[in-house]
Amino acid sequence: MIYREAGDFKTSYREDSQTFPIKLDRRAYWTLMVVAFAVVPFVINDYWANAVLLPFLIYAIAALGLNILTGYAGQVSLGTGGFMAVGAYAAYKLMTAFPDVPILFHVLIAGAITALVGMAFGLPSLRIKGFYLAVATLAAQFFLVWLFNKVPWFFNYSASGMINAPERTMFGAAITGAEASAPARYLFCLILTVALAWIARNLTRGSVGRKWMAIRDMDIAAEIIGVNPLTAKLSAFAVSSFFIGVAGALLFAVYLGAVEVGEAFGIQKSFLILFMIIIGGLGSIFGSFAGAAFMVLMPVLLKNVLVDGFGWATDLAAHFQFMIVGALIIVFLVFEPHGLAQLWRLAKEKLRLWPFPH
Amino acid sequence: MTDMNAESYVTEDGRTIGGVIMEMKNITLRFGGVTAIQDISFDIREGEIRAIIGPNGAGKSSMLNVISGFYVPQEGEVWFRGRRRAKMKPYQVARQGIARTFQNIALFEGMSVLDNVMTGRLTRMKTGLAAQALWFGRAEREEIEHREKVEKIIDFLEIQAIRKTPVGRLPYGLKKRVELARALAAEPALLLLDEPMAGMNVEEKEDMSRFILDVNDEFGTTICLIEHDMGVVMDLSDRVVVMDYGKKIGDGTPDEVRNNQAVIDAYLGVAHD
Ligand SMILES: Nc1ncnc2c1ncn2[C@@H]1O[C@H](COP(=O)(O)OP(=O)(O)O)[C@@H](O)[C@H]1O
Ligand SMILES: [Mg+2]
């Protein structure tokens, strides 16, 4: 009985509602933080940054955002890719219009702009639910991609129709552009991811989170306890879109550097993020990270094992990956809607009782 | 003999009943061709336990839905605390201090008992989004303050042991109790209970009756409840409205209602078959 909460008594409501109620979890968390901030920056190289760490951090932000909307507030969205595009193009316009402003502001304001756009597209959620809302957000997805393709102002009339991230800095270090180093890009994304995860955790443990979950579980009952569905749903769309906008801005400016909207932010991206939260766990902060890690790591692993190890053809490995994801989606939707996060919780519950299961 | 027309009076068991807090005037509610409520007037006085009884389909739940703002009657006026209610959404009614439970339980199944009861305090939690995002300071203080209130209610209803249990896993009787806890957490001026004892066994009914009486007694909460079990109603309530086919056929103390010929014919007679 190493992993346990017996003898770990909570003597105040404050302790009772902390993020990691079990001491061992707290230790693991702080160890992870120390490694992420104090060790990884010194050992990271371009391969690790580009293949694993940057996409993981950025998609984790997007997954947190979608999880707030879908997992916590119960509003299904297939528009994630489109909203990421809003963040990316807003960041691009801001970066080119205000080159002297630190990149952090560009990214955060891009998030705020996405929040406003998300609220506008969230308005129909007051009238329509479930499947019909999903279709409405799908329309938003296609409309937004079309808009950024067709209106040259958004890509500054560039001949290719693509947007390219110019070099922008933070505390003198280049974060975007060709000269940006792997540690700088990694740290920039890490700080944003940790800060946003902390905010997501705070919002979901207090009264705003309960309003969202109340609307998700039973909107009629939510109304009779005094929740205004309008403000509850729109706040979920706003917060969610802020996260997704920031993720879009980072994906474009820090990770990819150059973007063609349909390719980077098409409907596949909406599904990718949706799969992350289904596999990771709906309504779970940890699940958002688990899902992002899974979807980022699996292709890398498959490539290393199947292609490099067993000599499979690349496209065969890619098909194999589709099959795995498809099967997992079905398994999780049918058997474990709370995803990897729930499996993790169950494993811990077993561990807590071990070696005396009764 | 107490004078029930006075501004306020003291009951035999020593509770003070105040003036009228809620008044329904000539309410008529129709669903297409069905008239669920026909020209009904009655009032609820501060501090009393007011029962609405009647056979199935009499329109009792519809009446509670009118009070809580779910249904808007075609005719009639709703007066609360001396003011006529303008057109109002249910969440606005809740914010005026009216809480309720449902005939078919309406809890948040995906949340724990504690979170469900905490939602009862949402109308009183004022910290904005930005302060909550930062948590430390205002949001945390507010959370703890309301948690303390909620824990008192959890103790009061004796559901401490299931605090962290997801509501979906609870048996029916406990769910009813959690729903009452959520309504109580709002510290309502008027508490509406739609068949709080339906589907319970004798023991659970006794527990629930005791809770209802205690709530009324200790917090002075005005209660309007719908109940099928005549015995329970007669024991619990100060005054009773009797409905049948959407009409009011009796209104008075349990004794008066019991001896009212129209009520005996329409309801008690049927019930005693
Ligand atoms: N939403 C509704 N739509 C149509 N008819 C309704 C609705 N709600 C109630 N009714 C009708 O109103 C009448 C009274 O129902 P109700 O108030 O539930 O009765 P009670 O609670 O006394 O059993 C019934 O005939 C019922 O079918
Ligand atoms: Mg009913």
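Trainee: How are α8(A) and α10(A) oriented to each other?
Mentor: In this predicted model, helix α8 (residues 207-217) of chain A and helix α10 (residues 229-256) of chain A pack at about 110 degrees, their axes 10 Å apart. They are therefore roughly perpendicular (65 to 115 degrees; under 35 is roughly parallel, over 145 roughly antiparallel, the rest oblique). Axes are fitted to C-alpha atoms over the stretch in contact, with angles from 0 to 180 degrees between N-to-C directions; helices are DSSP runs (H or I, at least four residues) numbered from the N terminus.

Trainee: Which residues in α8(A) and α10(A) meet?
Mentor: From α8(A), Lys211(A), Trp212(A) and Ile215(A) meet Pro229(A), Ala232(A), Lys233(A), Ser235(A), Ala236(A) and Val239(A) of α10(A), contact being heavy atoms within 4.5 Å.

Trainee: And how do they divide into nonpolar, polar and charged?
Mentor: Six nonpolar, one polar and two charged. Ala, Val, Leu, Ile, Met, Phe, Trp, Tyr, Cys and Pro are nonpolar, Asp, Glu, Lys and Arg charged, the others, Gly among them, polar.

Trainee: At roughly what angle do α3(A) and α8(A) cross?
Mentor: Helix α3 (residues 46-72) of chain A crosses α8(A) at roughly 50 degrees, and the axes come within 8 Å. That makes α3(A) oblique to α8(A). Ile68(A), Gly71(A) and Tyr72(A) of α3(A) touch Trp212(A), Met213(A) and Arg216(A) of α8(A). By class, four are nonpolar, one is polar and one is charged.

Trainee: Nice! What about the axes of α12 and α13 of chain A?
Mentor: Helix α12 (residues 267-280) and helix α13 (residues 285-309) of chain A have axes that come within 7 Å and cross at roughly 120 degrees. These two are therefore oblique as well. On the α12(A) side the contact uses Leu272(A), Phe275(A), Met276(A), Ile279(A) and Gly280(A), while α13(A) brings residues including Gly287(A), Ala290(A), Phe294(A) and Met295(A). Eight residues there are nonpolar, three are polar and none is charged.

Trainee: Switching topic, which residues are around ligand 1?
Mentor: Among them are Phe31(B), Val34(B), Pro55(B), Gly57(B), Lys60(B) and Tyr71(B), each with a heavy atom within 4 Å.

Trainee: How far is Ser62(B) from an oxygen atom of ligand 1?
Mentor: A side-chain N or O atom of Ser62(B) is 2.6 Å from a ligand 1 oxygen. A polar side-chain atom of Ser61(B) is 2.8 Å from a ligand oxygen, and a polar backbone atom of Ala58(B) is 3.2 Å from one. Such a polar contact pairs N or O atoms within 3.5 Å.

Trainee: What are the ground rules?
Mentor: Residues count from 1 along each chain as written, and chains run from A and ligands from 1 in written order. Local features need pLDDT of at least 70 and side-chain atom pairs 80 or more, totals for chains, interfaces and linings use all residues, and side-chain values use heavy atoms without hydrogens or water.

Terms used. Polar contact = N/O pair within 3.5 Å; in protein donor to acceptor, adjacent residues only side chain to side chain.
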